[in-house]
Structures are given as structure tokens and as C-alpha cells.
Amino acid sequence: MDYSTNDSKSTSKKKVVAVVGGGLVGALNACYFAKRGFQVEVFESREDIRQAKIVKGRSINLALSHRGRQALKQVGMEDTIVSKGIPMHSRMIHSLNGTQSPIPYGKKGQYILSVDRANLNKELLSAAETYSNTKLNFAHKLLNWSTETGAMTFLRADGAKEEIQADLIVGCDGAFSAIRKQFLRQSRFNFSQTYIPHGYLELTMPPINGEFAMKPNYLHIWPRNTFMMIALPNLDKTFTCTLFMPFDEFENVTTGDQVIEFFQKYFPDAIPLIGADALKRDYFCLPAQAMVSVKCSPYHLSDKCVLMGDAAHAVVPFYGQGMNAGFEDCLVFNEIMDQLNEDFSAVLPEYTRVRVPDDHAIADLAMYNYVEMRSHVNSKWFLFRKYVDNFLHIIMPRTIIPLYTMASFFVIHLTPIYSTFNMILSLYYCEGF
Ligand code: FAD
Ligand code: EGU
């Protein structure tokens, strides 16, 4: 990697930007602000994940699509990340009887990538560190900040508190953002948070004779109405399987034998691939994790603070767009900084104006897809729907483009197509919906 190009463009700029949260979006944002020449301070509550042995976190791998790649490209990180990703050109639908049916995502170049979350986070932190004007502060947990002075209070690993000032605070501290707490006290701040009844659990499918246990270049899906499982490939030839089901159902499965019984009924083909013993054991390793959808607006507070990523919009994972949208936040903010000459008092409201509708569209699409998947989507219906979508797209390539294609393979504002989608929905009544 050529580090020389990563130095600040200008030394005259001395404004301090505090990025709170060194997760996926925080680390990418640090690169963006450093590239513009700001003095960047990243504060992350965890220890440095590049040194830590075990990394607690959410999903192990994620689907990276065009939106996310575009944002990585701007800071020269696309190739590094893509080279360690596994292309998924199609979905592979697993029927109850074990039949596997592939459905392509689109044309040849239209694929998504399975990327390792921990590796992605590490690469982005290291990229941020190549800028001499960036400092990463680990084991710094934001406790509070003052909307009057902009002063932030951090709790350090040694138990001491530290007070820090910055010209701009960028809240990238995830779905339960501590930065966002101050927004809640403001007048005319909109906020909603919804937990869905489903939880998720991750299981590892090991390689068989040193090879992937299933075809690697696919996003494997087992659609079973209320239950659903998804598997994404990893570089070590394992698959990470994510089982989605209502918390009530998780509570009904309490013994190893019940796990096997449950899988026998819904995912029989996965039992030999995960391994019955491993399944009985791993199922109980971690409790099922909750999923939350958070919407808010505005995303900024005067000219001092702005929210990005899950801190601004946590979405349910049923569109594979949470991180991608968060990465796009950084890209869009950067474009507005160009347009408005880095004048925070103009940039922040403009960012809210252009970004809120698109992020809310993603949140709604993800929630709608969750409702649809859980209510009546079995493998037959999933296949049928995708065949219809692809057929209509083939006969009218310019007029009809599936919404997930637009979301995953085009970098465009989602708001207009999304409102069309809502309009069509409100025009039909379908028995059983
Ligand atoms: P986070 O990744 O949550 O990072 C926040 C960071 O802030 C963390 O490092 C945290 O330690 C730190 N922090 C928190 N509080 C403080 C504090 N007080 N002080 C300092 N630091 C703090 N998205 C996709 O695009 N594709 C997918 O395929 C996909 N799959 C998913 C599957 C599942 C099961 C789930 C749950 C999510 C999935 N997502 C996916 C969404 C994706 O995980 C998130 O959108 C993404 O992680 C958001 O990044 P972030 O940096 O905003 O937040
Ligand atoms: C869920 C969990 C298939 C990773 C939505 C598709 C997801 C991912 C789909 C997870 C589905 C669902 C789409 C992508 C993607 C599909 C998409 C969901 C990645 C509409 C690691 N979803 N996901 N839609 O089209 O647009 O294949 O955990 F099962 S990638 Cl729920 Cl494109």
C-alpha cells in the first residue's frame, strides 16, 4: 500500500473532528475526515480488536453490495476489502426435501460479497491509522457530552474520566448510541425504536475434507415462513449460518435432542453439514440476539454533532443493507462537504435533508421484507416470486427493475422508487396478507 498519498492535503486546517465509535462506520469515517485534513480523534469503548483474541460482536460476516463498495472506493479501500470477499452471484434456495435451486442476483457483474466483519473493521482501523492526522483512542467509552460546550466525557479502561473538546462530534456509536441521548432532549427531535419478535443465532458449518460443505459462491437461504436460515461463506471454507426465529420458539428448544428434532423438521439437509454433535453444543453457546429498528430525525444538532450508521438508523437485517447504508452516509456527507466548503453550519442540515428520506426508505424496506418473509415465504413462494421478478425484468428491462436490485446494485436515491412501491401496495387487497 502507498502510504504517502494518505497524508493530509493541507496543514492549515486544524479543526478537530471526534469520531465516537470505532466500528465499521466510525473507522471508515475516520478515513474520510483524515483525507480532508482534519485532526481526527476516534474514541472506541472496546479494546483494539486488532490485538484482542476474541471479538464479541454482531454477525460474523456480512453482505457487501454496490452502495458500500462505492463508499470504500472513495478512500481507496475497495480493492483491499473486495480481494478478501467471496462473491455471491446467486441465492441458493434450500427446499425442505433438500433440493437446491439457484436464482441469480442479476447480470454477470451483479453480485454481492460475503465479507468478514472483524477483518473489515481491522482493515478500516489500520487504514485510518495510516493518516498522520488521525489518532485512535481505544478503551474510551463515551459517558456523556454537553450540547452547550461540546465537551465529551469518556471513561477509560483504568477507571479514570477524561474530558475532551472537538469542533465536530460524529456519532458512529451504533444502534444504542450514547451520543444520540442528547438529541432526545431536544425539541422537534423524532425518534422511534422497534424490537421485532425474532431473534437470531449463529452457527458454523465446517469444511468437509478441506472443502466448502456447500457451493461457496452463493447466499444460501432456507425460507420456512416463521423460521429462516441464511448462510454466507467465509475465507476459511466455513459457512456462518444465521437462524432467525421468534424468541417464543427459541424458548421451546431447551435440550440438544430438541435442537435435532427441530432441525429434522425444518432444516434436515443442514444437520449432517453442521454436524449433529456440534449443533447440539453450539446452539446453546450464546443466547439468541435481539434485532432492533431505529429511526430518527434530524441527524444533526446545530453545527456541533452529526449521527451516522446505526446510531442514525439501525435496520433489521432482512435486506442486507445496514452497513452498506452506513457506509453511504460517509460518502454522502463527504460530497456535501465539497459542495458547501466544509461549513458545518450549512453541511449538517443539508446532510439531514438529503439523507433522512433514503435511510428511512431502507429501514422500511427491510422491515417490510421481514414481515413478508415471516408471514408466508416458504421456498416455493420465494422461488416463484424471484422467477416472476426476473421474468418481468427480462421482458421490460427498463420499465421493471426489482426493488432489491435497485437497492443492492445501483447507487441512487431510494426515496422515489420506494414511494412508488408504497403506492402500488396501497392499491391492492390480497386475501391472506
Ligand atoms: P456498530 O458496528 O455497532 O459499531 C459501533 C461501535 O461503537 C462499536 O465498535 C462500539 O463498541 C462503539 N461504541 C458503542 N457505544 C460507545 C460509547 N458509548 N463510546 C465509545 N464507543 C462506543 N449490514 C449489511 O450491510 N449487510 C449485511 O449482510 C448485514 N447483516 C447483518 C446481520 C445481522 C444478524 C445484523 C444484526 C446486522 C447486519 N447488518 C448487515 C447491519 C450491520 O451490522 C450494521 O449496520 C453495522 O454494523 C453498523 O455499523 P456502525 O459502525 O454504525 O455500528
Ligand atoms: C440477512 C442476514 C434474501 C445477511 C432478503 C434476499 C441477510 C443477509 C433478500 C444476514 C433474503 C432476504 C438481500 C441481498 C441480503 C435476497 C436482499 C439478507 C444478507 C431482498 C449475515 N438480502 N441479506 N433481499 O435477495 O436484497 O437474496 O446475516 F433471505 S443480501 Cl431476508 Cl441482495
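This is a predicted model: local features need pLDDT of at least 70, side-chain atom pairs count only at pLDDT 80 or more; totals for chains, interfaces and linings use all residues.
View 1. Ala, Val, Leu, Ile, Met, Phe, Trp, Tyr, Cys and Pro count as nonpolar; Asp, Glu, Lys and Arg count as charged; the others, Gly among them, are polar. Local features need pLDDT of at least 70, and side-chain atom pairs pLDDT 80 or more, while totals for chains, interfaces and linings use all residues. Residues are numbered from 1 along each chain as written, chains are lettered from A and ligands numbered from 1 in written order, and side-chain values use heavy atoms, without hydrogens and water.

View 2. A polar side-chain atom of R91 lies 2.9 Å from a ligand 2 oxygen. For Y105, a side-chain N or O atom is 2.8 Å from an oxygen of ligand 2. Alone, ligand 2 exposes 620 Å², and the protein buries 96% of that (Shrake-Rupley method, 1.4 Å probe).

**View 3. Lining of the second largest pocket**. The lining has 16 residues; I60, D116, N234, L235 and D236 lie nearest the pocket centre. A pocket is an open set of points on a 1 Å grid over the protein atoms alone, where a 1.4 Å probe fits, with protein on both sides within 12 Å along at least five of seven lines; lining residues have an atom within 4 Å of a point. Seven lining residues are nonpolar, six polar and three charged.

Notes
A polar contact is a pair of N or O atoms within 3.5 Å; within protein, one must be able to donate a hydrogen and the other to accept it, and residues adjacent in sequence count only if both atoms are side-chain atoms.
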